[in-house]
Amino acid sequence: SSDVSTMKTLNKSNKLQNVCYDIRGPLLQTANRMETQGHKIIKLNVGNPAPFGFEAPQEILSDVAMNLPNAIGYSDSQGIFAARKAILQYYQAKGLLEAVDVADVYLGNGVSELIVMTMQALLDDGDEVLIPMPDYPLWTAATNLAGGKAVHYLCNEADNWQPDIADIESKINERTKGIVVINPNNPTGALYSTENLKKIVALAEKHGLVLMADEIYDRVLYDDAVHVPLCTLAKNCLVISYNGLSKSHRIAGFRSGWMMLSGKKHHAADFIEGLTMLSSMRLCANVPSQYAIQTAMGGYQSMQALTAPTGRLYQQRNIAIERLNAIKGISCTMPQGAFYCFPKIDRDIYPIEDDMQFMMELLLQEKVLMVQGTGFNWHAPDHFRVVFLPNASDLHEAMDRLERFFATKRQE
Ligand code: PLP
């Protein structure tokens with residue numbers, strides 16, 4: 001038998017020191033353990049529509065199934081032509097008027113892979129990226145993993161979570177490489193005004209920064225809201241637009257995402273060469289799901305039926321907001337996009353010090369899994385994220401439990 005004392009300890013690499021992704025972190029591990037012990041947990045930690053009874057459009061499933069025999073080999077590293085062409089046309093129809101072509105589109109295994117790839121290609125140690133606070137935490141994690149420094153700019157809750165332009169400007173320095181814009185936003189559900197988007201573009205153009213526009217929720221919109229792609233507003237800086245089918249077409253498991261480069265590309269040739277090389281290094285994105293893209297991008301968008309006033313998502317959003325605001329000491333803004341909201345907890349009533357611990361107690365007491373606000377890089381332990389994907393009756397059940405939990409925590 002081998003002597004354990006002589007074996008080298010395996011530690012995680014130093015690269016992971018500042019890397020964290022709490023959406024699937026310790027709370028989920030506890031929830032999974034509770035499930036193996038026979039408890040039934042309401043899991044509201046991830047934005048994954050399928051388990052909540054959302055179906056994928058049949059035409060997409062048929063298309064992928066039909067093309068399966070063509071999809072057994074590697075594809076071009078950037079993806080199959082028809083998919084990339086359809087993506088291009090999508091942005092052109094939304095007003096991207098300048099010359100972009102299929103060479104500017106890269107398919108990935110979800111937006112997730114492309115975010116990590118971008119940061120690896122872009123950042124030297126200590127380079128800074130401006131990222132919203134709160135954020136979808138992969139952006140911060142990928143920046144730190146690449147040796148960069150995530151610098152968080154404030155989104156202003158009192159202004160419906162619009163980005164604070166002055167805060168962005170004050171944080172730009174000679175190490176800043178880019179600005180991340182998540183619109184519509186996860187976790188707040190905010191849709192940014194065109195005026196604010198133009199101001200962000202002006203800052204990027206003035207300081208020569210890359211704009212990274214995560215627009216994966218651009219087709220999940222309520223109340224007749226209109227989404228303006230950032231790339232249609234920028235001419236004099238490089239814009240990378242990220243999007244995919246995980247949310248809009250409820251096929252998160254297919255891992256079908258893309259990014260498109262537009263705007264000024266001349267000065268970025270070397271960086272783009274790096275991106276192309278990293279894209280080649282992972283050979284290609286999952287090929288069967290590339291065949292979903294052309295069908296998905298054209299014609300009627302089935303998400304509209306879910307977000308219209310008669311639709312499931314619209315009604316669930318309203319239930320979540322109404323029920324949350326009815327709890328003493330909780331306040332929540334109305335999301336205009338996506339399927340999340342980010343309620344505020346009044347700490348005069350609930351004196352929370354550690355919001356992960358608070359969410360752990362919610363899990364243990366009421367068997368509801370939600371992610372604490374600091375998991376989205378929010379600066380204070382006074383928020384949490386609600387995923388309003390469950391159907392009305394399950395959502396009411398989750399809200400009943402939340403209400404009961406907060407009642408036990410009240411201190412006045
Ligand atoms: N960006 C945002 C804002 C998200 O909310 C998500 C998933 O929740 C992703 C990117 C990653 O999506 P995917 O990798 O499925 O394309």
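In the sheet described here, I179 has L211 of strand 7 as its bridge partner, where strands are DSSP runs (E, at least two residues) and helices are DSSP runs (H or I, at least four residues), both numbered from the N terminus. The model is a predicted one, in which local features need pLDDT of at least 70 and side-chain atom pairs count only at pLDDT 80 or more, while totals for chains, interfaces and linings use all residues. Residues are numbered from 1 along each chain as its sequence is written.

Strand 6 and strand 7 pair in the parallel sense over 5 bridges, two strands being taken as paired if DSSP finds at least two bridges between them. Together with helix 7, these strands make a right-handed β-α-β unit; a crossover is right-handed if, with the strands pointing away from the viewer, the path from the first strand over the helix to the second runs clockwise.

Strand 7 (residues 210–214) is also paired in the parallel sense with strand 8, over 4 bridges, and among the partners across this pairing are A213 with S241 and D214 with Y242. Strand 8 (residues 238–244) is joined in turn by 7 bridges to strand 9 (residues 256–263), and these two strands run antiparallel.

The open sheet as a whole comprises 8 strands in the order 2-9-8-7-6-3-4-5, with mixed pairing. Strand 2 (105–109) and strand 5 (162–163) stand at the edges with a single partner strand each, so one side of each is left without a neighbour in the sheet. Helix 5 (residues 138–145) packs on the sheet and touches strand 3 (128–133), strand 4 (149–156) and strand 6 (176–182), its direction making about 160 degrees with that of strand 3. Helix 7 (residues 194–207) likewise packs on the sheet, where it touches strand 5, strand 6 and strand 7 and makes about 165 degrees with the direction of strand 6. These angles run from 0 to 180 degrees between N-to-C directions, with axes fitted as lines to C-alpha atoms, for helices over the stretch in contact.

A residue is buried if 20 or more other C-beta atoms lie within 10 Å of its own, exposed if 12 or fewer, and partly exposed in between, with C-beta atoms placed from the backbone. In a regular strand the side chains alternate between the two faces of the sheet. In strand 7, V210, M212 and D214 point one way and L211 and A213 the other, whereas in strand 8 one direction is taken by L238, I240, Y242 and G244 and the other by V239, S241 and N243.

L211 and V386 touch the most other members of the largest nonpolar core, which holds 107 residues; such a core is a set of buried Ala, Val, Leu, Ile, Met, Phe, Trp, Tyr and Cys residues joined through C-beta atoms within 7 Å. The largest share of this core, 6 residues, comes from helix 4 (residues 110–122), and at least three residues are drawn from each of domain 1 (14–54 + 305–409) and domain 2 (66–297), whose bounds come from an automatic or database domain assignment.

Methods: Two residues are in contact if their C-beta atoms, placed from the backbone, lie within 7 Å.
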